[in-house]
Structures are given as structure tokens and as C-alpha cells.
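Here's a quick tour of the model on your screen. Have the viewer handy and click along as you read.

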Amino acid sequence: PTDSVDENNQNDAVSSTADGQDEATGFEDDATLEDEQLAEEVDGLAGDGGIRYTTDLSDEELAWRWKTAPDSLSSVSFGLVERGRLFNGIPFPDGDGWKVVDPSNTYATQETIDYLTTAIGQVKAWQPDAAPLRVGSISRKNGGHFRPHRSHQNGRDVDLSFYYPAEKGTIRVVQRERVIDVEKNWALVKALVMYTDVQYILVDKRVQKVLYNFALKKGEDKVWLESIFAGLLGRKKGIVQHAKRHRDHFHVRFFNPRAQELARRLGPLLPATKELSVASHRVKAGETLAGIAGKY
């Protein structure tokens, strides 16, 4: 890898408001995202390892709570990010360091909320003048399919705007990497890597190049940066990965050890609680029972 990465432009256009966001929601539609990690990801921790994150709940107590007082359990993240559900989802709270774009579609697990608020708080500590970060789509209240996204189904995926310098008036930009506040956006990536259990940060490679070059010039450890931006540098994939239609925002995915482990332990109990596990599906021409089952 080299110390710097060449720029590569693209001829398309998006409109943005004074704070640099798209005029509608601030985020591009990622319905066409084709990254293999969204289609082939297998959630969960490596190996069986036994119960490690829910040892406060015995099998007996967990079964009792699920059947009699399910709301007493913390958030549960069922299935895959592109084929999952969210139970006991929590609406993302208001805060001084961020702005929730669409409260009806920002339900998350407690772990996701804790991670993200910690990271944003760290950015504010490093960059006190940072404007509130716009928090976009996370999941619907009960998770599941969330148009136009392929993922965002179980409370672990979050769309985050970029930080922009204060500007007045309406601007039209294609190359967001040329107008973002690079220092603050690097601070966000750094905080996510250092202070959270982040799985992926998906963003266009042209934005990655600007962040990588800035961090390198700032004096960050080169080996550490190469591990984070490994995919950009032609090596194995790092935490920050390229995704189409992500030139105007970060798509952040967190591991949720407790919420995911609760889902695995509760799996055998789902048939006994049909009121919580039944889904409705409108059958379309050409669908098979096996195909429908695969979606759920």
C-alpha cells in the first residue's frame, strides 16, 4: 500500500441542503446495495463458546420471562440483518450531539443505542464544535422488511450522515468527500472503531480515500489505519468497506452480543408463543413454500 490514494470521480448528482444532506431524508436509497456481506453474512459469534453474555438469566428464568413477561427482557435481535426481526426495540433517544431524522424508523437494541451514543459523545469530546449528527434509518419497531433497505431488519444497522462545515444556502454536490468536514468524520470513524463493538462501516471508497489520507497525514499509526481501510488498499477487507450508493452517509453495523445471544436461546421457545412469532405473508405468483420459509 502507498501513503496516499488517487482520487476517482463519478458523474452523477444529488441535491443537499445547508447542512449537506439530501433534501428529503438526508440519505440515499440503499435498496440496490450488492455487497456480498449483506447477502452472505452469517450472524453470531465464532464457535459455540457456551453462554457468555446472558449468564444472569438461567434457562428456567428465561423461559418463564418469555412466556409470562417478555417485556421484562432486554432487546432481542433475531436472525440476520437482511432477514430478521427486532423484539423489545427501543426508539433512539433525543440528545444534544445528534438529531433523529425519522423517529418512527429508528428503533434499535439497547446495545446499538449505547454504542452509538458513546461514539458520538467521544466525537464531541474531541471536537466540541461538532454540529449534531443526523441519525437516519435503523429498524422499524418490530424489525423485519424495511423498504427501501435490504438490511436494517433487527436493530443493528444504522445510517449516519456525514459531518459538514457550517454553510449557508442550498448547494448541489456530487462529490461529498470534497465538502464534508474530514476531521470530524474521521473522528467518528475512529470513535466507532475504538469505543464500540462495530462490525462494519460501509461507505463509498472515494470517501474512504479522503479519510485515510487525512488520518495518515494527521499522524495516526499507519499499520492501524491499514487494518481499518484494508479493502481500500487492495488487501483483505477491514472494518471500513466499500458500498455502492453510500457516498452521502455511513452505514454502520454493530455486533450485539447480548441481543443476538438472547435470540439464539429463545429460538426453541418461539413455537410456544405464536402470538409473538407469527408473521403474515402475501403469496406472490411463482413463490414456493421453501422460498417463503427462507425469508422468515
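This is a predicted model: local features need pLDDT of at least 70, side-chain atom pairs count only at pLDDT 80 or more; totals for chains, interfaces and linings use all residues.

Residues are numbered from 1 along each chain as its sequence is written, and side-chain values use heavy atoms, with hydrogens and water left out.

**Aromatic contacts**
- The structure holds 10 aromatic pairs, meaning rings of Phe, Tyr and Trp (its six-membered ring) whose centres lie within 6.5 Å; planes under 30 degrees apart count as stacked, over 60 as edge-to-face and the rest as tilted.
- F162 and F250 make an edge-to-face pair, at 4.8 Å centre to centre with 85° between the planes.
- That pair ties together distant parts of the chain, 88 residues apart: F162 is in the loop between β8 (157–161) and β9 (171–173), and F250 is in strand β12 (residues 249–254). Strands (E, at least two residues) and helices (H or I, at least four) are DSSP runs numbered from the N terminus.
- Both F162 and F250 are buried, where buried means under 20% relative accessible area, exposed over 50%, and partly exposed in between (1.4 Å probe, protein chains only).
- W186, Y212, W224 and F229 come together as one aromatic cluster.

**Around W126**
- The charged end of K190 sits over the ring of W126, 5.3 Å from its centre; the cut-offs are NZ of Lys or CZ of Arg within 6 Å of the ring centre and within 35 degrees of the ring normal.
- M194 belongs to helix α4 (residues 182–195) and is partly exposed, at a relative accessible area of 42%.

**A hairpin**
- Strands β2 (residues 76–80) and β3 (residues 83–87) pair in the antiparallel sense over five bridges; DSSP has to find at least two bridges for strands to pair.
- β2 and β3 form a hairpin with two residues between them, and S77 stands opposite L86 in β3.

- The peptide bond from R147 to P148 is cis, with omega near 0°, and P148 lies in the loop between β7 (133–135) and β8.
- N88, in the loop between β3 and β4 (90–91), has a positive phi of about 60° although it is not a glycine.
- R245 also has a positive phi of about 60° without being a glycine; R245 is in the loop between β11 (240–241) and β12.
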